[in-house]
Amino acid sequence: MKPNSLSLTFLGAAGTVTGSKTLLTFSGTKILIDCGLFQGIKSLRKQNWGDLDLASDVSDIILTHAHLDHSGYLPRLVKQGFKGQIHCTPITAKLVHIILLDSAKIQEEDAERANRKKYSKHEKAEPLYTTEDVHHTLNLIVTHEYNEWMVPGPDLRFTFIQNGHIPGSAMVEVHAGVKKIVFSGDLGRLKPLIMPKPKPLPEADLLILESTYGDRLHGVTSAFDQIKEAVNLGYEQKGQILIPSFAVERTQEILYILLCLIRDKKIPSLRIYLDSPMATEVTKVLLSFYEFLKDPELRDIMNRNLEIVSDYRASQAIVAMEECKIVIAGSGMITGGRILHHLEAHISKPSTVVILPGFQALGTRGSDLVKGVPEIKFFGKYYKVKARITQLDSLSAHADRNEILEWVKHTSKLPQRIILNHGEETAAHSLKLKLEHELEIPVLVATPNMHYVMDF
């Protein structure tokens, strides 16, 4: 490779929607764009236990946002020798603090439970990383405002631009010599429910573009209508209304919809239990971010109807309550968290309604429920699925195929080339064909460990 060449290596989120890691190398400087955990099927999750040989060579990590599939591998990389700076926006830093500590706590608890109940296949179950590892990681974070330029190496600079996915999220614009590269990150909706919409795509020679919904359009059914129908069904059946939810953005969207439906008398004024320590902390952090949380009428309903479930014993007491109620608990794809205890008690009851909050990655329990499996496994046991399952098909923090296309089209100058990542294979290839047909520019689909070189 020439001394002034720029190269990209796709170490994650290639052919899948998890494990986002892209290595950028320029004039001897190595930077990692995102550092996420693989989630979903076992073959992906096993990759989290492997080491990256480049840990001590990377000078900087740039986070597009706080979700685990973009930040969750950070403590592992620090354990492997990374000592550089982790760059992100101020809100992302606060959310990463909450998300990584929660992730470590869940892993420690899962390992302890597996050892105590002896259902691990290993001689001794170990967490992927500990809370102590997370604290070492958090000390390396440096925050920057949107549109502030940083210089991590010679003739190399980058900035964050709001992309509307979740609070604090950003696309990343990188200038390496005369080349301009934009990483879209996870692109938000063009007509969002409670988020600001993405800023326009800046001029770029190369665009690294996510493709999560590259082969799909979001449903036209209103999330308000879907939630209204599901809640009213649960109420009529005197059952439990269980909502596994992502702590950042989706919990706040669902809470907003529930408050509006109660205000408009479209659902009963039921008790809502937020049984997620992480979602509770996130909501506190974002009180000054979301406008709806400042609305006096909605705040009054929230104060009356919403109960924060603080500790584990309180959570278990809520699980045991048989009266009709709404429970919002982590995690959104049912990969762990307190929602498992609620499902353990209620998934086998026909009166239970489970509302899945959106996209469910392949291999997750949420994906299995969408497929209509007769039973699911957790805590080392199988549980029959008799609950009514509803998947929200219009509530998403990701742009769909048409929104992605519209966002790319409305730049002042189209990029010379696009590389698609963060998408399952069929989604990415479908979007590739659409982009090439509409824009008449070359589009590549990233594959695992693909190495791409830009010569000057």
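1. **Helix H4 against helix H5.** In this predicted model, helix H4 contributes Val96, His97, Leu100, Leu101, Ala104, Lys105 and Glu108 to a contact with helix H5, where the partners are Thr131, Val134, His135, Thr137 and Leu138. Sorted by class, the residues of this contact are 6 nonpolar, 4 polar and 2 charged. H4 covers residues 90-117 and H5 covers residues 131-138; their axes come within 8 Å and cross at roughly 160°. An angle over 145 degrees counts as roughly antiparallel, and H4 and H5 are therefore described as roughly antiparallel to each other. The crossing of H4 past H5 is right-handed.

2. **Helix H4 against helix H8.** H4 also has a contact with helix H8, which spans residues 277-285; the axes of H4 and H8 come within 10 Å and cross at roughly 170°. This angle makes H4 roughly antiparallel to H8. On the H4 side the contact involves Lys94, Leu95, Ile98, Ile99 and Asp102, and on the H8 side Met278, Glu281, Val282 and Val285. The classes here are 6 nonpolar, no polar and 3 charged residues. When reading such lists of positions, the student may recall a general point: an α-helix has 3.6 residues a turn, so residues three or four places apart point the same way.

3. **Helix H6 against helix H7.** How do the axes of H6 and H7 cross? Helix H6 (residues 223-236) and helix H7 (residues 250-263) have axes that come within 10 Å and cross at roughly 70°. The range for a roughly perpendicular pair is 65 to 115 degrees, and H6 and H7 are therefore roughly perpendicular to each other. H6 passes H7 in a right-handed crossing. The residues that meet are Ala223, Phe224, Ile227, Lys228 and Val231 from H6, and Tyr256, Ile257, Leu258, Cys260 and Leu261 from H7. This contact has 9 nonpolar residues, no polar residues and 1 charged residue.

4. **Aromatic rings.** Two residues of the previous point, Phe224 in H6 and Tyr256 in H7, return here: ring pairs link Phe224, Tyr256, Phe289, Tyr290 and Phe292 into a cluster. Over the whole structure, 8 aromatic pairs are found. One of these pairs is formed by Phe378 and Tyr383, with 4.5 Å from centre to centre and 10° between the planes. Planes under 30 degrees apart count as stacked, and the pair of Phe378 and Tyr383 is accordingly a stacked one. Both Phe378 and Tyr383 are buried.

5. **Histidine 70.** Is His70 buried or exposed? His70 lies in helix H2, residues 68-71. The residue is buried because its relative accessible area is 2%, and buried means under 20%. His70 and Ser20 are 50 residues apart along the chain, yet their C-alpha atoms are separated by 5.2 Å. With neighbours within four places in sequence left aside, the contacts of His70 are Ser20, Asp34, Cys35, Gly36, Leu63, Thr64, His65, Asp186 and His422.

6. Helix H11 (residues 339-346) is mostly covered, with 6 of its 8 residues buried. The buried residues in H11 are Ile339, Leu340, His341, His342, Leu343 and His346. The loop between strand S15 (325-329) and H11 holds Ser331. The peptide bond from Gly330 to Ser331 is cis, and its omega is near 10°.

7. **Two asparagines with positive phi.** Most residues other than glycine have a negative phi. Asn147 has a positive phi, near 70°, and is placed in the loop between strand S6 (141-143) and strand S7 (150-153). Asn147 counts as exposed because its relative accessible area is 56%, and exposed means over 50%. Asn449 likewise has a positive phi, near 65°. The place of Asn449 is the loop between strand S21 (443-445) and strand S22 (451-454). Asn449 is exposed as well, with a relative accessible area of 52%.

Technical notes: Residues numbered from 1 in each chain as written. Predicted model: local features only at pLDDT ≥ 70, side-chain atom pairs only at ≥ 80, totals over all residues. Heavy atoms only, no water. Axes fitted to C-alpha atoms, helices over the stretch in contact; angles between N-to-C directions. Helix = DSSP H or I, 4+ residues; strand = E, 2+ residues; numbered from the N terminus. Parallel < 35°, antiparallel > 145°, perpendicular 65-115°, else oblique. Left-handed = near helix turned anticlockwise from the far one by under 90°. Contact = heavy atoms within 4.5 Å. Nonpolar A, V, L, I, M, F, W, Y, C, P; charged D, E, K, R; others polar. Phe/Tyr/Trp six-rings, centres within 6.5 Å; stacked < 30°, edge-to-face > 60°. Buried < 20%, exposed > 50% of the residue type's maximum accessible area, 1.4 Å probe, protein only.
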